Amino acid sequence: MGAGMSYDLAGHSVRRIGFGAMQLPRLADDPAAAHTLLRRAVELGIDHVDTAQFYGDGLANRFLREAIRPEDGVLIVSKVGGDPDPGGTPPIRSAQRPEQLRASVHDNLRSLGLDRIPLVNLRRMDDGPIRAHGDQVVDVDDQIAEMVAMRDEGLIGAIGLSSVPLETVRRALPAGIACVQNSYSLLDRTHEDILELCTAEGIAWVPYFPLGSAFAELPNVTDAPAVIAAAEHMACSPAQVGLAWLLQHAPNVLLIPGTADVAHLEANVATEDVLLDRATITELDAIAAPAVG
């Protein structure tokens with residue numbers, strides 16, 4: 001592991017490349033493959049995993065419970081603020097009220113087989129495809145108060161935030177925030193101001209959609225000509241260039257790329273060895289990112 005390839009997350013020094021469990025439900029019909037994938041992640045030294053009860057209506061958590069052992073030393077991170085909505089598009093519904101956050105923590109505890117979740121992110125629904133309406137529009141102070149209460153009770157170890165604007169992060173800082181998860185990539189730097197705040201405060205920045213997504217408003221990093229050219233120059237894949245740029249952009253960036261494929265998992269972890277030279281970083285920094293709405 002190269003220099004600077006670890007960072008503090010909820011009081012634990014972790015490698016800066018972890019694993020996101022969102023795609024694990026794709027292996028619903030092949031539990032053995034899910035087990036093999038997760039055991040390979042442990043073998044590769046991955047020591048933090050991001051999950052949620054609404055990933056496959058608890059299936060991702062079940063796979064983690066069955067494959068990850070206490071002696072593996074893997075930090076489990078989950079999130080609340082949404083409940084499973086099987087058959088929905090996407091299969092998640094808003095669950096923002098304080099009592100729903102608490103119920104979701106208990107759901108996660110049961111499906112993960114844990115007595116305490118080391119870190120739980122509060123997933124807000126102020127924007128994006130799933131919006132809070134009616135009694136789901138909850139003030140963040142009320143939510144943070146409930147998260148702090150659960151931390152005091154020992155149900156969770158630390159509090160994170162997800163899908164939040166700058167002002168929400170600032171309001172939550174006095175409670176002690178371990179990480180912030182927002183959409184962010186080389187081509188989508190909308191939340192650069194939040195990243196800068198997190199860097200200054202020593203808070204881990206955990207970007208989701210680090211390579212863009214299938215959503216039209218989130219451009220695909222691996223399609224960018226400059227990224228393709230950099231990959232040819234560095235003798236690596238465009239995906240590795242996009243992830244390596246994130247790691248070199250700020251010291252507090254932690255990545256949780258998700259996959260259901262062992263080869264992709266191995267390639268993601270190998271990004272630790274991709275060191276972009278100064279000229280390449282300058283070219284990538286200069287990319288005029290498409291407007292993100």
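**View 1. Buried residues of helix H4 in the predicted model.** In H4, the residues Val140, Gln143, Ile144, Glu146, Met147, Val148 and Met150 are buried (under 20% relative accessible area, with exposed meaning over 50% and partly exposed in between; 1.4 Å probe, protein chains only). The cover over these buried residues includes strand S5 (75-80), helix H3 (98-112), strand S8 (119-123), strand S9 (159-162) and helix H5 (166-172). Helices (H or I, at least four residues) and strands (E, at least two) are DSSP runs, numbered from the N terminus. This is a predicted model, in which local features need pLDDT of at least 70 and side-chain atom pairs count only at pLDDT 80 or more, whereas totals for chains, interfaces and linings use all residues. Residues are numbered from 1 along each chain as its sequence is written, and side-chain values use heavy atoms, with hydrogens and water left out.

**View 2. The ends of helix H4.** The N-terminal end of H4 is capped by Asp139, a side-chain oxygen of which lies 2.8 Å from the backbone nitrogen of Asp141. Just after H4, Gly154 adopts a positive phi of about 90 degrees.

View 3. His48 belongs to strand S4 (residues 48-50) and counts as buried because its relative accessibility is 2%. Its side chain reaches the backbone oxygen of Arg15 at 3.4 Å. Neighbours within four places in sequence aside, the residues in contact with His48 (heavy atoms within 4.5 Å) include Leu9, Val14, Ile17, Phe19, Val74, Leu75 and Leu254.

Terms used: Polar contact = N/O pair within 3.5 Å; in protein donor to acceptor, adjacent residues only side chain to side chain.
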